[in-house]
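Here is a short note to read beside the model. Take the points in order and find each element as you go.

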Amino acid sequence: MQSEVNRREFIRNSAIAGIGMAVLPSALSATGMKTKVRLGLIAVGRRGQVHVAELLNRTDVEIVAMADPDTQMMAKTRALISAAGKKLPAEYAKGNDDYRNLLKRDDVDAVLISSPWELHFEHCVESMRAGKPVGLEVGGGLTLQECRDYVQAYEQTRVPVMILENACYRRDLMAITNMVRKGLFGELLHLQGGYQHDMRARKFNNGTVPDTPGIEFGPGTPSTPGWRTQHSVNRNGDLYPTHSLGPLAVMLDINRGNRITALSSVATKSRGLHRYIMNNIPAGQKHRNADVQFKLGDIVTTTLQTANGETIVLTHDTSSPRPYNLGFRVQGTAGLWQESGGGEFADGLLYLEGASPAKKWESPSPHLQANDHSLWKVFGRQAESAGHGGMDFFILHAFIECIKQGKDFPLDVYDLATWHAITPLSETSIAQGGQLQLVPDFTNGAWQRRKPVFGLNSEY
Ligand SMILES: NC(=O)c1ccc[n+]([C@@H]2O[C@H](COP(=O)([O-])OP(=O)(O)OC[C@H]3O[C@@H](n4cnc5c(N)ncnc54)[C@H](O)[C@@H]3O)[C@@H](O)[C@H]2O)c1
């Protein structure tokens, strides 16, 4: 009898292995429909408060609890919620581990995590183990092992995580995704994007007040200079790949019919952050940060290869004076689009063989308008007031709607692992003089069977 049970168990497990863990539904699909989502917030700093402001506009969300050891950030968040006339959440501010008490609450349906990069893994996996679906803010992975462990935590718990890559919902990028899906660029060949954002004023402040001019950073400094800048001291790689890779991965069906197979990275010398410090030391004074050696090269360039024969070039450029522009380019066998601004339809150049005047650039605007995504047509007005040109509305909307409707998230743990892996692999590649690094297949072969799901309807 025992051996019969074991045999049946073995057959069942083998069958599951045959299906592939990456194509099994998550625990969300078993939860049924909800009309309201009760959220717990882990970390309510700068970004956490942007989420709160957006969530307060929704009638289908209740913020029941929030955890952050920074009492000033907690006070600011409390004030936001209070000003909106909403019920104040329970607070967990007693140190770095108090978020674990938030996770014990059975009135928390899901959590939103907006903590520093080095805490993402712990916060996310502890939440999954506590049975709470996760919306995880963006960043890059710390190690490749961590990326594998995200996947393992999901496959063991089936508690899903959505990487909150808001750039996937940028209006121009969604219109371009529509054009890609209609085949207007032909077969895709080469894509580019980057995090090209002068972050110098965000990497430093005066040491006591967030968003003030200064050259202080490190533990005890409020907000992002308290943690983010140390990554530039210790690491040389593409530290923030997902704002550009996310939307491009959607266009290329990465992990859903395609996958990233390998990368190589190179970096320039490091000058910008030191120069910024030197330019801002008050005349005649000395400052200890003048001696800090930053490891992060000012411009990091990473070339990715895909299973279906495309290349992607990602640029990380955060330490130099420059206007913001993510530098997207989407090129196929029949034409290309290059953007040059911050996401307006008219920013950039487009050429489609047969449709554009021969060998002449034209404005992308009419093409993007004609291919505006149905989500933007339905929710564009509602999204207008949200952060980052409306993208922040859509990312939270998708997260909340999936939980309400018991649907799998459109960006999942396999996307998280793949996108995060770019950071440690780029660090290794640079350390080895640009040596090629193989990118693991986190889906264990299921990428060949998984179907595209992002942006297929006008609901979320
Ligand atoms: N998607 C976007 O457009 C976007 C924009 C800005 C920031 N971000 C991301 O949001 C995240 C947070 O960035 P930020 O700018 O808000 O930084 P921040 O420093 O302002 O906020 C981080 C917060 O985490 C809190 N925290 C630290 N340890 C904690 C713990 N153990 N438990 C609970 N909370 C803890 C800090 O006290 C702080 O309030 C990062 O991953 C960043 O990359 C995303």
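**Notes on the predicted model**

1. In an unreviewed UniProt entry, residues 174–363 are annotated as "domain: Glycosyl hydrolase 109 C-terminal". The model is predicted.

2. The unreviewed UniProt entry gives residues 38–162 as "domain: Gfo/Idh/MocA-like oxidoreductase N-terminal". Here the span is 44% helix and 19% strand. Its end C-alpha atoms lie 17 Å apart.

3. Check the confidence before going further. The protein chain has an average pLDDT of 94. A score of at least 70 is reached by 96% of the residues. Residues 1–18 stay under 50. For that stretch the model has 0 contacts beyond four places in sequence.

4. Next, helix packing. Two packed helices are described by the angle between their axes and the distance between the axes. Take helix 2 (residues 46–55) and helix 3 (residues 71–83): the angle is about 10°, and the axes are 10 Å apart. Angles under 35 degrees count as roughly parallel, so helix 2 is roughly parallel to helix 3. Helix 2 brings Gly48, Gln49, Val52 and Ala53 to the contact, and helix 3 brings Lys76, Thr77, Leu80 and Ile81. By class, that contact has 4 nonpolar, 3 polar and 1 charged residues.

5. Move to helix 6 (residues 144–157) and helix 15. Their axes come within 8 Å and cross at roughly 170°. Over 145 degrees counts as roughly antiparallel, so helix 6 is roughly antiparallel to helix 15. Leu144, Cys147, Tyr150, Val151 and Tyr154 of helix 6 make the contact with Val413, Tyr414, Leu416, Ala417, His420, Ala421, Pro424 and Leu425 of helix 15. These residues divide into 12 nonpolar, 1 polar and no charged.

6. Helix 15 (residues 413–431) also packs with helix 10 (residues 242–251). How do these two helices cross, at what angle? The axes come within 10 Å and cross at roughly 135°. Helix 10 and helix 15 are therefore oblique to each other. Their crossing is right-handed. On helix 10, the contact uses Thr242, Leu245, Gly246 and Ala249; on helix 15, it uses Asp415, Trp419 and Ile422. By class, there are 4 nonpolar, 2 polar and 1 charged residues in this contact.

How values were computed
Residues are numbered from 1 along each chain as its sequence is written. This is a predicted model: local features need pLDDT of at least 70, side-chain atom pairs count only at pLDDT 80 or more; totals for chains, interfaces and linings use all residues. UniProt positions are given in the numbering used here, feature names are shortened, and annotations may be inferred rather than shown by experiment. Axes are lines fitted to C-alpha atoms, for helices over the stretch in contact, and angles run from 0 to 180 degrees between N-to-C directions. Helices (H or I, at least four residues) and strands (E, at least two) are DSSP runs, numbered from the N terminus. Angles under 35 degrees count as roughly parallel, over 145 as roughly antiparallel, 65 to 115 as roughly perpendicular and the rest as oblique. A crossing is left-handed if the near helix is turned anticlockwise from the far one by less than a right angle, and right-handed if clockwise. Two residues are in contact if their C-beta atoms, placed from the backbone, lie within 7 Å. Ala, Val, Leu, Ile, Met, Phe, Trp, Tyr, Cys and Pro count as nonpolar, Asp, Glu, Lys and Arg as charged, and the others, Gly among them, as polar. pLDDT is the predictor's confidence in each residue, from 0 to 100.
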